[in-house]
Amino acid sequence: MTALPARPRDGVLPLPGDLGRPRYGTASLADVLPGVATALGVPVERGDLPPDPLGLTAALAGARRVAVLLVDGLGADLVRAHADVAPTLAGLATPAGDLSAPCPSTTPVSLTTLGTGLPPGSHGVLGFVTAVPGEDRTLNHVQWGDDPDPAVWMSRRSVFEQAADAGVEVSAVAPYAFRGSGLSNVAYRGARYTGTVGAGDLAAVLLESLAAAPRTLVYGYTAELDLTGHVRGVDSASWRAQLALVDRLVEQIVDGLPDDAALLVTADHGMLDVPAGTRLDLDATPELTEDVRLLAGEPRARYLHAVPGAEADLLARWREVLGERAWVAGRDEAIASGVFGPVDDDLAGRIGDVVALARGTWALIATEQEPGPSRLVGYHGSLTATELAIPLLAARGRALA
């Protein structure tokens with residue numbers, strides 16, 4: 001017998017037990033940079049959220065230089081499951097336990113959440129692909145140049161800017177190809193961007209940047225583990241081989257840390273493999289595409305923008321057809337659930353009229369509209385424990401050990 005979809009109580013649609021709510025302001029990716037900046041003596045402004053809920057001021061005590069390395073796709077569950085492949089990562093300290101990725105658990109949302117220290121509902125990068133309100137088009141945040149204007153689309157002040165204004169030398173060390181992109185401009189605003197061409201270059205440039213001034217904050221980013229997981233799956237020899245290379249990268253950085261420096265390693269999301277039997281093709285399911293004006297999001301975190309007047313019918317139809325395969329909510333219900341954090345009124349239109357977060361290993365692919373993403377093996381975006389849990393790992397220089 002198929003259970004009926006959850007219904008709202010007191011205006012709030014409950015999340016099913018297998019999906020979690022990000023812990024913004026307590027133990028989330030949004031809390032990392034504010035804590036680091038606080039430890040470096042920077043007074044951080046982030047609204048009603050505390051400046052250092054992770055206790056990084058104590059964990060980084062004495063550090064004058066801090067590097068934060070984000071490994072795309074390095075979920076906490078995956079680190080634990082492959083300790084034999086990644087002994088350096090497995091041996092690092094865990095100053096605050098697992099953290100929560102934001103919602104949706106996807107790279108553009110996470111990178112902006114890290115950089116601003118704010119939940120997605122406050123900074124406005126609310127999905128991999130979102131609607132541009134007032135226009136009949138979508139914005140893919142990883143293919144974004146200067147339209148819409150990044151300074152307007154995401155107008156919040158970043159933690160990098162606040163640290164730079166306080167006299168900290170701030171750098172972002174990331175792939176050369178991403179320099180100048182719209183996403184880089186909003187996620188790393190205020191940091192001096194240095195493009196890199198490989199893992200060895202990343203390690204060397206990150207360490208050089210750490211040593212460049214008496215007080216430094218350096219952000220590093222590596223993307224290949226996530227790409228390998230998407231294409232080959234996280235349960236593959238290719239993914240494990242790539243994880244071993246990430247572990248070697250981290251080992252090189254740890255070995256080269258200045259005496260008064262610390263390294264934090266974190267991630268933007270976890271990942272899971274989606275078998276053929278749990279792929280629902282929207283383009284082959286007319287009742288799910290009827291009345292859809294814009295299809296946004298990604299296969300495990302869908303946003304649907306309805307033709308005017310069809311919002312309620314679309315929501316009811318998606319709930320009926322999907323059943324337990326996804327948590328399906330109207331925009332107001334999704335906002336009230338708290339998964340995005342508080343949502344600014346002028347940003348709400350970027351969220352779909354209907355929101356669908358996949359459960360289990362389901363993926364809501366669209367083979368005609370999105371042929372490339374529909375052929376992937378590994379996915380993320382929803383709020384299962386595997387997607388949501390990300391590590392926070394720490395190493396300290398010799399003078400701090």
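**Entry 1. Helix 5**

I looked up what the buried residues of helix 5 pack against: helix 1 (32-39), strand 1, helix 6 (120-123), helix 8 (159-165), helix 9 (182-187) and strand 7 (216-222). Contact here means heavy atoms within 4.5 Å. Helices (H or I, at least four residues) and strands (E, at least two) are DSSP runs, numbered from the N terminus.

The model is a predicted one, in which local features need pLDDT of at least 70 and side-chain atom pairs count only at pLDDT 80 or more, while totals for chains, interfaces and linings use all residues. Residues are numbered from 1 along each chain as its sequence is written, and side-chain values use heavy atoms, with hydrogens and water left out.

I then checked the cover of helix 5, residues 107-116, and found 10 of its 10 residues buried. Buried means under 20% relative accessible area, exposed over 50%, and partly exposed in between (1.4 Å probe, protein chains only). Among the buried residues are Thr107, Pro108, Val109 and Leu111. Just after the helix, Gly117 takes a positive phi of about 70 degrees.

**Entry 2. Cis peptide bonds**

I noted a cis peptide bond from Cys103 to Pro104, with omega near -10 degrees. Pro104 sits in the loop between strand 2 (99-100) and helix 5. Another cis bond joins Asp147 and Pro148, with omega about 0 degrees. I placed Pro148 in the loop between strand 4 (138-140) and helix 7 (150-153).

**Entry 3. Leu69**

I located Leu69 in strand 1, residues 65-71. Its relative accessible area is 0%, so Leu69 is buried. Leaving aside residues up to four places away in sequence, I found that Leu69 touches, among others, Leu202, Tyr221, Leu249, Ile253 and Val265. I also checked Leu69 against Val173: the two are 104 residues apart in sequence, and their C-alpha atoms are 9.2 Å apart in space.

**Entry 4. Thr130**

I found Thr130 in strand 3, residues 129-131. Thr130 is buried because its relative accessible area is 0%. Not counting residues up to four places away in sequence, its contacts are Thr138, Leu139, His141, Trp153, Ala296, Tyr303 and Arg350.

**Entry 5. Asp291**

I recorded a positive phi of about 75 degrees at Asp291, although this residue is not a glycine. Asp291 lies in the loop between helix 13 (286-289) and strand 11 (292-298). With a relative accessible area of 24%, Asp291 is partly exposed.

**Entry 6. Domains**

I took the bounds from an automatic or database domain assignment. The assignment gives domain 1 (29-124 + 132-271 + 385-396) and domain 2 (276-379). Their C-alpha centres lie 28 Å apart. I noted that 23 residues of domain 1 are in contact with 22 residues of domain 2.

**Entry 7. The whole protein**

I counted 17 helices and 18 strands in the protein. The radius of gyration is 20 Å, close to the 21 Å that the globule rule gives for 401 residues, so the protein is as compact as a globular protein of that length. This radius is taken over C-alpha atoms, and the globule rule is 2.2 Å times the number of residues to the power 0.38. Taken along the principal axes, the C-alpha atoms fill a box of roughly 60 × 45 × 35 Å.

I noted that 59% of the 401 residues are buried. Of the contacts with a separation of 6 or more, 75% are between residues 24 or more positions apart.
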